[in-house]
Amino acid sequence: MYVTKRQDRLYRAYSVWAPDKNGKMRSKTVLAGFLGYYSEIIRNDPDGYEKLKAKIKNESMAAVQQKRRDDTAELLKELDKLGDTSDNNISENNNSNEPFAGHPGLDYSHYVLLPIWRELGLPRVLDYHWSAYEAEFDAPKLLYQSVVNRIVNPCSHLRHSQEKLNWLGAPLRDDTEHDLYRMLDFAYLQKDTILKTVNKNIHKMDLRDLTVVFYDCTNTWYETPFTDEQKLEMKISTKLASLGPEATEEEQKAAVEEIIDRTTSTLRMKGASKEGRHDPLISIALVVDRNGIPIDFYIYRGNASEKVTMDESIRALEGKYHIKNTIVVADGGLNTVPN
C-alpha cells in the first residue's frame, strides 16, 4: 500500500499489472480508501504528507509481518496436533510403521529448507526490493514457496495453487493463482540481484570451486503446435484482413508495427529437441561450478545452436563476474572453429 494524490485528495492505493489498450502490461493504480485532503494536512503540519506516506508504508509492512507471525502460530498448532497420537487421530485399520501414520499428508518442506534460504541471504534482499516494488502481495514469500515446490514437487504454478492446502500451515491459503504469476514479474526483475546474492554467500560458505566451470545446454518444450513467429504471422494476417483492401500502405505498415511492438518474445521456436519432440522449444544454458552448484543461466531461442550460444554465454559471464582468464575444454559438438 502507498499514498497517491489526485488533485487535493489523498488515497490509500496499491498497484496491479494489467494490459493496456495495446496489450502491453502496465502498472495500474487501484484506490483502496480516502485519506483526507492534501491542503488540510499540510496546513496543520508542513511535514504531514510525508509522515502519512511513511505511516501507510509501515502499516503495509507491519500487516505482512503480522501475517507471517500468525502463520507461525498456526504452524505450532498443527505440530501440536501431529504430536497427538490418541486413538481419535489414528485410523483403527492402519498397520503402517511410518511416523504419524493415519495423519493427513501435509508437506512441511518449506520449514526444513527455510534455514538454507536464509543462509543464502535472500530474505533480506528480496524484502528490501519488494518494499520498493509497492506490490500488495507478499512476493518474497510466493517466490520462496515456488522454489520449494519446484524442488520437492515439480509442477505448474496452476497445480501449485490448486494444491496450496496440502502444505503444513497453508502459507499460500490467502494467495491466488494470479498472485503466483504476478510474482514472476518481480522474480524476473530481480534475477541478477538474486544470482549475485546467492553466489556471494556461497563463496562466503567456502563452497564455491571455480577452478573448473561446466557449461551445457538443454531445451524444454511448450504444448502448442505454433512457434512464436508463426503466431506473430497469424496475428499480422488477421489484422491486415480486418483492415480490408481499402487500407492504405501506411495504415497497413502502422498496424504491422503495432503488433510487432506488442510482441514480448519470439523464444519459442522449433529446433533439435533433446527428447525427440516436435513441439516449439526454448533453449536453456546452465553454468555450474566444480561442485555442481549453479552459477548462472541464460535463455535462448529454441532453434539456436549450442555452438552459437556458448561464446555469447561465456562473454556474458566474463563481464558479469569479472573473469580475466578463460580456458575452454569442449567436446566435438561445441568445439567449432569460431568457438
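This is a predicted model: local features need pLDDT of at least 70, side-chain atom pairs count only at pLDDT 80 or more; totals for chains, interfaces and linings use all residues.
Local features need pLDDT of at least 70 and side-chain atom pairs count only at pLDDT 80 or more, while totals for chains, interfaces and linings use all residues; side-chain values use heavy atoms, without hydrogens and water.

**The whole protein.** Colour by secondary structure to find twelve helices and six strands (DSSP runs, H or I of at least four residues and E of at least two, numbered from the N terminus). Of the 339 residues, 31% count as buried (under 20% relative accessible area; exposed is over 50%, partly exposed in between, with a 1.4 Å probe and protein chains only).

**The positive patch.** Next, select R124, K196, K200 and K204, which form a positive surface patch. Patch residues have over 30% relative accessible area and no salt bridge, with like charges joined within 9 Å and nonpolar side chains (Val, Leu, Ile, Met, Phe, Trp, Tyr) within 5 Å. A salt bridge is a side-chain nitrogen of Lys or Arg within 4 Å of a carboxyl oxygen of Asp or Glu. Show helix 9 (residues 191–204): it gives the most to this patch, with three residues. R124 sits in helix 5 (residues 122–133) and is exposed, at 68% relative accessible area.

**The nonpolar patch.** Now pick L158, Y181 and L184, a nonpolar surface patch with about 230 Å² of accessible area together (Shrake-Rupley method, 1.4 Å probe, only the protein chains shown as cover for residues). L158 belongs to helix 7 (residues 157–162) and is partly exposed, at 35%.

Notes. Residues are numbered from 1 along each chain as its sequence is written. Lys and Arg count as positive and Asp and Glu as negative; His and the chain ends are not counted. The place of a charge is taken as NZ of Lys, CZ of Arg, CG of Asp or CD of Glu.
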